Amino acid sequence: MEKTINFIPIDYDYFDFNGKNYAKIVGRMENGKRACIIDECDVYFWAVLKEKVSDNKIDETRKKIEKIKIKNKLRESEVLKTEIHEKNFLGKKVKAIKIFITNYKDARDFADKITFHEIDKRREFDLGFITRYILEKKLKPLNWYEIKGEPLIDEFGVNNLEADICLKVNSIKKIDKEAFIPRVLAYDIETDEFEIGKGHILMISIVGENFKKVLTWKGKTKANVEKFNDESEMLEKFVEYVKIYNPDILTGYFSDGFDLPYLKARAEKNNIKLALGIDNSQPSFKRSRMLIGRINGIVHIDLFRFIKTTYSQYLQSETLGLNEVASELLGERKTEWQHIPSSKISEEKWEEYFEYCLNDSILTYKLAEKLWPDLLEFTKIIQEPLFDVSRYSMSNQVESYIIHNTDKFDEIIEKKPLNKEIGERLEEGKYEGAYVLQPIPGLYEGLVFFDFTSMYGSVIVTFNLSKSSFLEKKEPDSLEVNIGKKVFFSKKPAFFPEMLKEIIEKRKKFKEEYNKNPTPILKARSNAFKLLTNAAYGYQGFFGARYYCREAAASTAALARKEIKETISFIEKNGYKVIYADTDSIAFLKENKNKKEILELLKKINSALPGIMELDLEDFFKRGIWVTKRTGEFGAKKKYALIDEKDKMRIRGFETVRRDWCDLSRETQNKILELILKNGNEKKSVEYLKEVVRKIKSRQVDLNEIIIKTQLKKSIEDYKSISPHVTIAKKMKEKNLPVKIGMLIEYYIAESSDKKALVRERAKALDESGKYDIDYYLKHQILPAVENIFEVFKVDVNELFDGKRQKKLGEF
DNA sequence: GTACACTACATACC
DNA sequence: ACTGGTATGTAGTGTAC
């Protein structure tokens, strides 16, 4: 008996049954109950025919293809049928054979066997089944559908599923329904060893809506804390609570790489099953570059990964740890907790530890709520499952967007590059990128900043730069670009620039909508299109891209250079003095002109700009300072400080904004820049500097002011050059402290009897006692940060740092 | 023994 | 190797004088 449900697909999976592929999709119905639907779809790929193959030959080829069989240990696959279609491929009309097969996993093997002379290319054999399913059936994640289907009782093993209804799909119809709010459960674990599975899990916190718990087998029971006899009982209860809460999303912070694999490892050790899946399966892990943890029927989201890959560019945070990210996005910090061996934790201290653990889950839960609009919008726009979108890199997001938007263009999808092709692409080396104007150092009064809106994106659209419009040789009415050699692009609109044009238009539309009606959803939607726009250029220059086109990327940069240089000349021709420019922004002196005149200039520039290119007024600034490089007397690029008419500072490139400088030099430089920009001269800042120097020399500076933090970017053994932070990392490892790739190594530079000692030999971890090296902090932390600023005013601060006086002090 | 060029590395800008 | 190139600047290292 056919049943009808309203359904929102959340988690996508597939399985094989009798050699065929089936999609298994878990979601919710409007009453909040869980449903699972099972569906099949055509599985096929394309064989693109060479030009001018006769119909007879095509028929022969089809027959040959239809006879191909693939036999392996698991199954026997065959070609079900073939069809001939007129399609587009990279800007050309082509004839292609659509080859329907029984199992998508064998597509590549089939493709490898189709080597007939009449066939030019094979494509779309490298799409995942879920992607193919979503493309074919248009059952897009996190949209509402009316599903008609036959209830399943025990077919396909669905009787083991914790779902209220299971249907074998007959029909799918998109319907309009209001926003969906998922059931989210956040979790966090605390362990006594950092290495996965090595120690015990001391406690697990879980937080959902009106749901807060800490499970432990340590300390004492209290409100929200449940104590168990051992780790094993605690783990079993954790699974039980997840089942009771019945979440759509289970989320952690860095849980792909830590919490989930740790839980699984400890469950194994305790001989229990971590049956979190709705089919009672255990989490499974895939190792690509990093570990990825999947739970059947529940979307496991590692918020750290989503933030790192797609969200971090909005953030100011210097690290992407939970503490900094939560404090920036939520205005809340982690609870204080000093990690000590669990054997040394006293009764009262356990309570603090529970609080700490619970708070991590609370923050994670709140972050999930905060980021939900972004996750939702990204998923709906990219059209891949939430699980994948929350982990995709930007190039992956762009590529998936393309894949799910090719049907409008009737395009056959390009294949992923093979390793050999990637090698070749990498060998081509870099191409010339953006233009940066060399500034003349000085303090300037009254500045205007213009910038191009989505410059590279608008260049790609305006000049139609892409793999499909790239021409092997010059053609009539083609665009010629010099990228070291001459390359040509067709003017016939190609699908990549067309798609990007649409993305840019949507971004504009949703931004306007957001300005009228500022909801988080509209903001997320507009941001998603902005991110896609910004990533499109990098995508075409990325060696791993299906639509990689070095010539298009290099031409985008070349044309952007041309446009900004012409704009600079134009501004200068209109009597303005241009101070600085970088890639898509131009700074010039306002002089005695008023805002209206500046806007008129802008209008004049815009009327002459080609295509959809557009220059925008970014802001006016009261003052700005540019300094020299430390080596040589030229103005430094990418380093300047501004103050706007509301006295708000904007500092770029200076040590102040670099996390690998100690707070003392960052704060000193920041204060000095502030005093100069506010007062218009250096007088007060000299006094300020003198005071800082005096403090350093008289050892009045606190340890936390002089800590230098440097990231460990690879494993210790891989370093060819042993710098201070690597030395400290080594020492930490010897002391059995956790040393992981990506962590910030903290140290300070101490005095040493050996004056010739290298910096790394003087570097000390924070718990090592020592006197800070006055000379080092003066000459290597403060002086470099301020010297060039004072040089602008012809003030030589070197005498303040005189080494002799400092030595005298030390002798006392 | 020191000055200098060079490499390795980290981090920022857009 | 998992978006692009441009740029500054420190510390370590090898070499010329």
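User: Hi! Is T364 buried or exposed in this model, and why?
Analyst: T364 counts as buried because its relative accessibility is 1%; buried means under 20% relative accessible area, exposed over 50% and partly exposed in between, with a 1.4 Å probe and protein chains only. This is a predicted model, where local features need pLDDT of at least 70, side-chain atom pairs count only at pLDDT 80 or more, and totals for chains, interfaces and linings use all residues. Residues are numbered from 1 along each chain as its sequence is written, chains are lettered from A and ligands numbered from 1 in the order in which they are written, and side-chain values use heavy atoms, leaving out hydrogens and water.

User: Thanks! Which residues is T364 in contact with?
Analyst: Leaving aside neighbours within four places in sequence, T364 is in contact (heavy atoms within 4.5 Å) with A186, T251, G252, Y253, L303 and L322.

User: Switching topic: how many residues surround DNA strand B?
Analyst: 21 residues do, and the closest are D584, K638, Y640, G653 and Y719. Near means that a heavy atom of the residue lies within 4 Å of the strand. Of the atoms of DNA strand B that come within 4 Å of the protein, 91% belong to sugar and phosphate.

User: What does Y719 do there, atom by atom?
Analyst: One of its polar side-chain atoms lies 2.3 Å from a phosphate oxygen of DNA strand B.

Notes:
Polar contact = N/O pair within 3.5 Å; in protein donor to acceptor, adjacent residues only side chain to side chain.
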